[in-house]
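Trainee: I have a new structure on my screen and would like to learn how to read it. Could we go through it together?

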Amino acid sequence: MITVGEAVIRCLEKEGVELVFGYPGGAVLPVYDALHDAKIKHVLVRNEQGAVHAANGYARATGRVGVCVATSGPGATNLVTGIATAYMDSVPIVLITGQVPTVQVGTDAFQEVDITGITMPITKHNFLVKDPAVVPVVIKKAFHLARTGRPGPVLIDLPRDVTAAEIEFEYPEQVQLKGYKPTFKGHPSQIAQAAKMIYESTRPVILTGGGVISSGAAPELLKLAEIISAPVASTLMGLGGFPGDHKLSLGMAGLHGTRYANMAITNSDLLIGLGVRFADRVTGTVGKFAPKARVIHVDVDPAEIGKNVQPHLPIVGDVKQVLLTLLPLLSPREGGDWLAEVAGYKRDYPLEYTRENGLKPQYVIEKLSGVTRGEGIVVTDVGQHQMWVAQYFCFKYPRTLVTSGGLGCMGYGLPAAIGAKFGRPEKQVILVSGDGSFQMMMTELGTLAEQGLTLKIFILNNKRLGMVRQLQEFYYDKRYSAVDFSFSPDFAALAGIYGLSGYTVDTGAAFDAVVEEVLAGEGPALVNCLVEPEENVFPMVLAGKGLDEAID
Amino acid sequence: MRHTLAVLVENNPGVLARVAGLFSRRGFNIESLAVGRTENPAVSRMTIMVEADDRVLEQVIKQLRKLIEVLKVQDVTKEEHVDRELALMKVNAEPAKRAEIIQIVEIFRAHIVDIGRKTMIVEVTGDEGKVNALENALRPFGLKELVRTGKVAMLRGTRDMTTNGKEVEE
């Protein structure tokens, strides 16, 4: 007989979990007691939100399931933002929360919240376990749910008397979930129809999304694009799924996408959406999206198909499996006039910015891309800097961009970068943040310092909430409301307090002078980049406009 | 258009909250919802009436299927099916009016299940139209209270919707 707390740890070991991110508390003590002697490493964060973002960054960078542990009440509610972040981006995470003892559940006991109720809309599934004997089965189910089909966060709420109880430990090899049978292989006749539609088209475009990365379909995507000579546009979540330096790459599409990606989509006669959900950030006004195209939509989640854009051909299945079935049906064809036309878009409407005096944020990203040659992992926060990373950093490999796409969660960056570094310690991990986002979770500098991680942080500091300011410039006639920080700490000095090397730069030349040294150096470093304060992210598709109506 | 959905779910605590929460947060309108256990005690069955066009209906069904504890979803609206609803109506019934009320109740093949000093309770089972018609017929007497179970539905003939064997949702 062992305690359920010990059983939890044994289950995690059986699932191959090597580290968990967490924060202890009264209701989760039996689990922490078991962690004391476990081989699993526990990373103590400074706020539970940091734990779940770190588990997210770890999962995104590795493809494995991230795990985090927190206590009941405030411990659990601090996870909520991070759970929503993971849910929106389909990131596999298992969360274990302590709960007050079963006899107290429902009595508004100290540190009690109904976390399964609260997280129902933002988890793939959740469990409140009252029977100690079923805990191992529930954990098995949780990992199975988190990593299969459309991945997502799964929460297990364990009352303290349950984790303190003793059980005979047995871990099931398999679990049956009667109501959960994700479709893996696409329907063969639908796939044959896709091949036919591809050959009927003369102006095909592939739109690649996060599903290509989570299903490991990047090699198949590359083959598809090259065989049918179709240019590839990406969603934010899809960046890295197709090599950014490939001649068929169009970079990111959408409201801040490249003009050539958006023009290609608008003028295409066939749009092949792979692992995308046609989110509003990508489509702009749906009625003006890809107006001349027939749409093939491949996704593992049937509920995404027809939700935003009505496809002419739906294929429910794992992108990799679908492409493996599709590829043998295709024979090579030339891009001809269409690729020449797209090359013209690229030549005539490149991404550009004016290189005046001072430090341009786009320049910082371009330089980082050049110096790292697209190797390493870039983690971002949310805002203008995130869009500039998406535009100006050349991502070549899957799982090299870690960013909060769907939820747009400021504060994600630092803890996610910590998680990514734990997952891929051999990789150069770079965090690009903004002065707003960074201050939301800079408390995790403590975790970074304590763990001695070599993380390189670049803050694009415009002393304001740049993206909000940009929105106010365009939509509210420059009536700037609550977007200026009249005080922020000296980030380089702050870094010094936490034992990081700190730098401040305010010109391109000054940035050039430190960037290679910073990236090559041992230990963590922070570069406070004082950038042009009123730089805008262009191109920009205004509300109600189509993708081809961007301004810049 | 109004659709009648038959939904088989695992009989777990919280499953009703998952279904109800799904409808509210995605802006789907539930007209009625009836739930109870089935021939298999581990499985409950919900009959949900929803007002939706075809596109919204497709989303409703797909989102329901996404819930882990939902085993099967079927739109029975266009299938041959039987549907019934039960209602209790407490109606003002001064002694002088009782004969007239009893006559109406008999026409509808409903039952009087309680008589008080000034009221009677009428129980009626039937499809929605019949329940509505009886309600309208009794309203002039003064309807003090009305409770309806919401519709339950079942396919006609040998076709069924159980979770036994291979009937589990694909």
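Mentor: Gladly! Let's settle one term at the start: a salt bridge here is a side-chain nitrogen of Lys or Arg within 4 Å of a carboxyl oxygen of Asp or Glu. Please keep in mind that this is a predicted model.

Trainee: With that cut-off, how far apart are the closest N and O atoms of Arg150(A) and Glu304(A)?

Mentor: Side chains of opposite charge can pair when their charged atoms come close. The limit for a salt bridge is 4 Å. Arg150(A) and Glu304(A) do form a salt bridge, and their closest N and O atoms are apart by 2.8 Å.

Trainee: How is chain A divided into domains?

Mentor: Chain A holds 23 helices and 20 strands. Its C-alpha trace spans about 70 × 60 × 40 Å along the principal axes. The division of chain A gives domain 1 (2–167), domain 2 (188–348) and domain 3 (361–530).

Trainee: Why does the radius of gyration of chain A agree with a compact globule?

Mentor: The comparison starts from the chain length, which is 552 residues. A compact globule of that length would have a radius of gyration near 24 Å, so chain A agrees, because its own value is 24 Å.

Trainee: How many salt bridges are there between domain 1 and domain 2 of chain A?

Mentor: The centres of these two domains of chain A are separated by 37 Å, taken over C-alpha atoms. Six residues from domain 1 and six residues from domain 2 take part in the contact. Between them, domain 1 and domain 2 of chain A bury about 520 Å², with 56% of it on carbon and sulfur atoms. The count of salt bridges between domain 1 and domain 2 of chain A is two.

Trainee: And how do the residues on the domain 1 side of that interface divide into nonpolar, polar and charged?

Mentor: Across this interface of domain 1 and domain 2 of chain A there are also two residue pairs in polar contact. On the side of domain 1 that touches domain 2, the residues divide into two nonpolar, one polar and three charged.

Trainee: Let's move to the other chain. What is the area buried between chain B and chain A?

Mentor: The size of an interface is often given as the accessible area lost when the parts come together. Here 19 residues of chain B are in contact with 21 residues of chain A. In chain B, Arg18(B), Arg55(B) and Ile68(B) lose the most area to chain A, together 39% of what that side buries. Carbon and sulfur atoms give 52% of the total buried between the two chains, which is about 1,700 Å².

Trainee: Which residue of chain A meets Lys66(B) in a salt bridge?

Mentor: Across the interface of chain B and chain A there is one salt bridge. Its N to O distance is 2.6 Å, and the partner of Lys66(B) is Asp301(A).

Trainee: Which element gives the largest share of the side of chain B that touches chain A?

Mentor: Helix H1 (15–25), helix H2 (54–66) and strand E4 (70–75) of chain B each give two or more residues to that side. Its residues divide into seven nonpolar, three polar and nine charged. The largest share is seven residues, and they come from H2(B).

Trainee: What distance separates the centres of the two domains of chain B?

Mentor: Chain B has four helices and nine strands. Its domain assignment gives domain 1 (2–78) and domain 2 (82–148). Taken over C-alpha atoms, the centres of domain 1 and domain 2 of chain B are separated by 30 Å.

Trainee: One last thing: which residue does a cis peptide bond join to Phe538(A)?

Mentor: Most residues other than glycine have a negative phi, and most peptide bonds are trans. For this bond, omega is about 0°.

Definitions and conventions. Residues are numbered from 1 along each chain as its sequence is written. Chains are lettered from A and ligands numbered from 1 in the order in which they are written. This is a predicted model: local features need pLDDT of at least 70, side-chain atom pairs count only at pLDDT 80 or more; totals for chains, interfaces and linings use all residues. Side-chain values use heavy atoms; hydrogens and water are left out. Domain bounds come from an automatic or database domain assignment. Contact means heavy atoms within 4.5 Å. Buried area is the accessible area (1.4 Å probe) that two parts lose on being put together, summed over both. A polar contact is a pair of N or O atoms within 3.5 Å; within protein, one must be able to donate a hydrogen and the other to accept it, and residues adjacent in sequence count only if both atoms are side-chain atoms. Ala, Val, Leu, Ile, Met, Phe, Trp, Tyr, Cys and Pro count as nonpolar, Asp, Glu, Lys and Arg as charged, and the others, Gly among them, as polar. The radius of gyration is taken over C-alpha atoms; the globule rule is 2.2 Å times the number of residues to the power 0.38.
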